[in-house]
Amino acid sequence: MKRLFIIICMMAMVMTACRKPEPGVIPENDEPMVKKYLVKQLLNDDPEKPMLAIDWNDDCTKILHMKHSLGYGSVLDYDFKYYEDDSIRVIFTMPQFSYPMWSFWYDSIMIHLQQGKIDSICCYDNGVIRHTERYCYDDDGRIIERTYLFGTKDTFQWDGDNVIKACILTRNYEYNAFTNYIHPHYNLPFYLSNYVSNEVPLPLFTPLWKYMPESDVYDYEADEDNYVIKAKSKKTDSFHTYYYRKIN
């Protein structure tokens with residue numbers, strides 16, 4: 001049950017739009033998109049318990065540091081170190097008395113890039129490679145396959161800027177209708193996987209949609225530039241808030 005709860009929290013914004021098969025409905029929007037980059041995601045707008053907190057470089061082309069949690073106080077830190085334009089080393093740390101007491105599968109990863117996109121991620125434990133993730137893209141540079149732990153494959157089928165079909169953790173999903181709101185992760189890179197023993201190795205960032213899929217679980221609010229700033233549960237009093245940095 002703990003693992004199921006964590007998966008739901010990690011993928012709440014992307015896995016709840018599943019419906020019966022129908023033709024995908026993509027919003028039409030010819031206006032130029034304002035570039036905003038997510039800097040914080042909060043549960044119930046509590047600044048002391050961020051779900052994501054991202055430190056960028058000046059032009060938001062590189063993530064320098066990130067904090068991640070489920071919104072209940074436990075925090076994982078991710079430090080990024082860049083090597084030229086072809087690799088990024090990420091080291092994980094967490095507070096000594098973080099709850100729950102997660103333990104790491106790995107102590108660092110090395111992201112290898114090809115033409116600005118992830119080619120593979122090597123996972124290290126005490127300097128030894130224990131696992132490698134591999135990524136495949138279509139001719140338009142959109143990710144279509146991710147192979148990771150124990151040979152598991154996630155696959156993605158696109159329509160323009162949005163995924164309309166996906167297989168994630170061997171489970172199939174369809175996304176048949178979209179709002180006019182821009183997904184909070186749209187301008188984030190397609191990494192980073194989490195590697196702690198009580199979590200499935202899902203990507204923390206999943207920018208597979210330009211527009212937020214419609215949901216039976218959340219109601220959305222957006223700002224003047226159509227970026228989602230609030231997702232409120234239709235079943236409980238909980239909600240997520242999103243804060244951005246604008247780049248002209």
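**Exercise 1.** Is lysine 153 buried, partly exposed or exposed?

*Solution.* The structure is a predicted model. Lysine 153 has a relative accessible area of 44%. Buried means under 20% and exposed over 50%, so lysine 153 is partly exposed. Its side chain meets that of glutamate 145 in a salt bridge, with an N to O distance of 3.8 Å. Glutamate 145, with a relative accessible area of 22%, is partly exposed.

**Exercise 2.** Determine how the rings of tyrosine 37 and tryptophan 56 are arranged, and which strands the pair ties together.

*Solution.* In the pair of tyrosine 37 and tryptophan 56, the ring centres are 5.2 Å apart and the planes stand at 65°. An angle over 60 degrees counts as edge-to-face, so this pair is edge-to-face. Tyrosine 37 belongs to strand β1 (residues 35-43) and tryptophan 56 to strand β2 (residues 50-56), so the pair ties together parts 19 residues apart in sequence. Tyrosine 37 counts as buried at 11% relative accessibility, and tryptophan 56 counts as buried at 9%.

**Exercise 3.** Carry out the corresponding analysis for tyrosine 78 and phenylalanine 92.

*Solution.* The ring centres lie 5.3 Å apart with the planes at 70°, so the pair is edge-to-face. Tyrosine 78 is in strand β4 (residues 76-83) and phenylalanine 92 in strand β5 (residues 87-93); the pair therefore ties together parts 14 residues apart in sequence. Both tyrosine 78 and phenylalanine 92 are buried.

**Exercise 4.** Locate the partners in the salt bridge between aspartate 225 and lysine 36, and state whether each is buried or exposed.

*Solution.* The count of salt bridges comes to 11. In one of them, the side chains of aspartate 225 and lysine 36 meet at 2.8 Å, N to O. Aspartate 225 lies in the loop between β15 and β16, whereas lysine 36 lies in strand β1, 189 residues apart. Aspartate 225 counts as buried at 18% relative accessibility, and lysine 36 counts as buried at 9%.

**Exercise 5.** Describe the hairpin of β15 and β16.

*Solution.* Strands β15 (residues 218-222) and β16 (residues 228-233) run antiparallel and are joined by five bridges. Glutamate 221 stands opposite lysine 230 in β16. Five residues lie between the strands, and asparagine 226 takes a positive phi near 75°.

Technical notes. Residues are numbered from 1 along each chain as its sequence is written. This is a predicted model: local features need pLDDT of at least 70, side-chain atom pairs count only at pLDDT 80 or more; totals for chains, interfaces and linings use all residues. Side-chain values use heavy atoms; hydrogens and water are left out. Two strands pair if DSSP finds at least two bridges between them. Helices (H or I, at least four residues) and strands (E, at least two) are DSSP runs, numbered from the N terminus. Rings of Phe, Tyr and Trp (its six-membered ring) pair if their centres lie within 6.5 Å; planes under 30 degrees apart count as stacked, over 60 as edge-to-face and the rest as tilted. Buried means under 20% relative accessible area, exposed over 50%, partly exposed in between (1.4 Å probe, protein chains only). A salt bridge is a side-chain nitrogen of Lys or Arg within 4 Å of a carboxyl oxygen of Asp or Glu.
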